[in-house]
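Please read each one with the sequence and the structure in view.

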Amino acid sequence: MNDHRIFERFRKEFSARFVGLDGKEGVARTFDVSAKGLGLSSSRELESRSNLEIWLDVPNSTDPLYTRGQVVWSRLAETGGFCSGIELEKAD
């Protein structure tokens, strides 16, 4: 698979919570992070092009980091569950 990323990717695991515009909530873990995107693993498949609000539990931070993004892809993981690629709305 071709990697079209501009920003460096870091293999980091953070706990995350998300909610879609449909109001459905979920929990996930990041498997990689960049300035413009996240890789999330969760127990359910996230619909491509759906918008999410995401809260990341970053170590040494008192409050979760809030961000928004759109699901670019989602597929079944080898270990069960699903992996999804999220494009973040802003690269702050």
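**Note on the predicted model**

1. Residues 24 or more positions apart account for 45% of the contacts in the protein with a separation of 6 or more, a contact being defined as heavy atoms within 4.5 Å. The structure is a predicted model, in which local features need pLDDT of at least 70 and side-chain atom pairs count only at pLDDT 80 or more, while totals for chains, interfaces and linings use all residues. Residues are numbered from 1 along each chain as its sequence is written, and side-chain values use heavy atoms, with hydrogens and water left out.

2. Overall composition. The protein has six strands and zero helices, and its elements run β-β-β-β-β-β from the N terminus on. Strands (E, at least two residues) and helices (H or I, at least four residues) are DSSP runs, numbered from the N terminus. Of the 92 residues in the protein, 34% are buried. Here buried means under 20% relative accessible area, exposed means over 50%, and partly exposed lies in between (1.4 Å probe, protein chains only).

3. The barrel. Six strands close into a barrel in the order β1-β2-β3-β6-β5-β4, and the pairing is antiparallel; two strands pair if DSSP finds at least two bridges between them. Neighbouring strands of this sheet are turned against each other by 45 degrees on average, direction ignored. For such angles, axes are lines fitted to C-alpha atoms (for helices over the stretch in contact), and angles run from 0 to 180 degrees between N-to-C directions.

4. The β1-β2 hairpin. Strand β1 (residues 15-20) is joined to β2 by five bridges, and the two run antiparallel. A16 of this pairing stands opposite A28 in β2. Four residues lie between the strands of this hairpin, and G23 in the turn has a positive phi of about 85 degrees.

5. The β2-β3 hairpin. Five bridges also join β2 to strand β3 (residues 37-42), again in the antiparallel sense. Three residues separate the two strands in the hairpin. T30 has L40 as its bridge partner in β3.

6. A polar atom of the T30 side chain lies 2.8 Å from the backbone nitrogen of F14. A polar contact is a pair of N or O atoms within 3.5 Å; within protein, one must be able to donate a hydrogen and the other to accept it, and residues adjacent in sequence count only if both atoms are side-chain atoms. Leaving aside neighbours within four places in sequence, T30 is in contact with K12, E13, F14, L38, G39, L40 and L56.

7. The β4-β5 pairing and its aromatic residues. β4 and β5 pair in the antiparallel sense over six bridges, and Y66 in β5 is the bridge partner of W55. How many aromatic pairs does a search of the whole structure find? The search finds one. This pair is formed by W55 and Y66 and is tilted, at 5.4 Å centre to centre with 50 degrees between the planes. W55 lies in strand β4 (residues 51-57) and Y66 in strand β5 (residues 65-76), 11 residues apart. Rings of Phe, Tyr and Trp (its six-membered ring) pair if their centres lie within 6.5 Å; planes under 30 degrees apart count as stacked, over 60 as edge-to-face and the rest as tilted. W55 counts as partly exposed because its relative accessible area is 23%, and Y66 does so because its value is 38%.

8. The loop between β4 and β5. P64 is found in this loop and is partly exposed, with a relative accessible area of 38%. P64 and A16 are 48 residues apart in sequence, yet 8.6 Å apart in space, C-alpha to C-alpha. Leaving aside its neighbours within four places in sequence, P64 is in contact with W55, L56 and D57.

9. G85 belongs to strand β6 (residues 82-88) and is buried, since its relative accessible area is 7%. G85 and L40 are 45 residues apart in sequence and 6.4 Å apart in space, C-alpha to C-alpha. Apart from neighbours within four places in sequence, G85 is in contact with L38, Q70, V71, V72 and W73.
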